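Work through the exercises below with the sequence and the model side by side. Each task is followed by a solution in steps.

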Amino acid sequence: VSTLAEARAFARAGFSDITYAVPIERGKFADAIEIARLGGIRLNLLTDDAETVKALDAAAVDAGLQFDVFVKIDCGTHRVGVETHAAEAVEIPRSITNSRKLKFAGLLTHAGHSYNARSKDEILLAARHERDSMVGLAERLRSQSIEVPTVSIGSTPTMSTIDNLDGIDEIRPGNYIFFDNFQATLGSCLFADTALTVLTAVIHKDHTRRRIVVDAGAVALSKDRGPVGIDPSCGYGRVLDIEGNETGMRVTGLSQEHGEIDAGESGAFDKLKVGDRLRILANHSCLTAAQHSHYNVIEDGQIIDRWEIHRGW
C-alpha cells in the first residue's frame, strides 16, 4: 500500500500481511502502531535511514510490538533508497537485525525509472538490472551472515517484460490491476488490457475551433502528462466512446473541472451532442482513481458492482 489509510482499509477487510511501501518517518510511528494493534496484522515497514531504525526500535519497545522492516534499495530511480554499492546497504540491515523489536524483513526496490524507457527492449534492460542488483546485494549480505528473508522487486513495466525471476521472492506490479494509457503506450500491455476509464459528459461544442469541452478536468483525471517521451500528442488521456471504442481524440487541455478536446478532423465531433457521454482512458490509473470515491464495475456493458475507494493518509 502507498498510504497508512490504505493499510487500515486492507487490515479491516481481513488482509494480514501488508507492506507500507513508502519509507517510514517518526511522525507516522503512532499510526503504524495503531494498525499493528488491530490484531493478527503483520505490518511491514520500509526505511533507508539509520537514525530512523533506532527511533522506530525505541517506539516498538515502548509499544510492546515487533515490526518487520525492509530496507529500501535504489536500483536506478534515484528517488529514495540506499544504492546497492553503498556501505549503508549492509550497515542498515545489520542494525535492524541487531534491534530489540525490529525484524529484518529483507530488501525492497521499485524500478520507477523504467517509466522513462522508450521501448520494450529498454524496459527489459531495466528489469534485468533491477533483478540482478537485488540478487547480488542479497548474496553479499548473506555472505556476511545477515539473513535476507525476502527479496522484493517490482514496477509494472519491468514485471510485464522480465524473462526470469531467479533469486526473487516477491514481485509488486501494482498498476497491472487496471493498466492505463501510459502502460499501453509503453508496451507493458495492450490497449485492450486497460480497464480504468472516467465517465464524462459533453458540456460544450465549439464549432469554430472544432473543440469539445467535457466535465472531467484536472480534479477528475489528474494532470499526469503521460508517455510524452514516446507519444508527444498523448495529452491527458485517450477519448473513447461510451462503449469503450477509440475515437482518435485526446484530452488536450485541462482546467479544474473542464477537459478540452481538440477534435480536428475527427468525425466524432459532428456526431456528438451536448449531454452525450464519453469515457477517458486515464494516463495514470493510480492518480486518477485517487480523485474519486468509488469504482463502477462493468461487465458486458452493465454495472454489476460498486467498489469504494479508500483515500487519505
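**Exercise 1: the enclosed space**

A search of the whole structure finds 1 cavity of 30 Å³ or more. Here a cavity is a set of points, on a 1 Å grid over the protein atoms alone, where a 1.4 Å probe fits but cannot get out. The model is predicted: local features need pLDDT of at least 70 and side-chain atom pairs count only at pLDDT 80 or more, while totals for chains, interfaces and linings use all residues. Residues are numbered from 1 along each chain as its sequence is written, and side-chain values use heavy atoms, with hydrogens and water left out.

Task: state which residues line the largest cavity.

Solution. 
- Step 1. The space in the largest cavity is about 40 Å³, a volume being the space filled by probe spheres set on the grid points, which are joined across faces, edges and corners.
- Step 2. Lining residues have an atom within 4 Å of a point. For the largest cavity they are Lys 72, Ile 73, Asp 74, Cys 75, Gly 76, Thr 77, His 78, Arg 79, Val 80 and His 110.

**Exercise 2: an open space**

Task: find which strand gives the most residues to the lining of the second largest pocket.

Solution. 
- Step 1. A pocket is an open set of grid points with protein on both sides within 12 Å along at least five of seven lines. The second largest pocket holds about 1,100 Å³.
- Step 2. Its lining has 35 residues, and the closest to the centre are Ala 195, Thr 197, Arg 279, Asn 296 and Ile 298.
- Step 3. Elements that each supply at least two lining residues include β8 (197–206), β13 (277–282) and β14 (294–299). Strands are DSSP runs (E, at least two residues), and helices are runs of H or I of at least four, numbered from the N terminus.

**Exercise 3: the barrel**

Task: give the order of the strands that close into a barrel.

Solution. 
- Step 1. Two strands pair if DSSP finds at least two bridges between them.
- Step 2. The order of the 6 strands is β8-β9-β12-β11-β10-β13, with antiparallel pairing.
- Step 3. β8 and β13 pair over 5 bridges. Ala 201 has Arg 277 of β13 as its bridge partner.

**Exercise 4: a helix**

Task: list the buried residues of helix α4.

Solution. 
- Step 1. Buried means under 20% relative accessible area, exposed over 50%, partly exposed in between (1.4 Å probe, protein chains only).
- Step 2. In α4 (residues 88–97), Ala 89, Val 90, Ile 92, Pro 93 and Ile 96 are buried.
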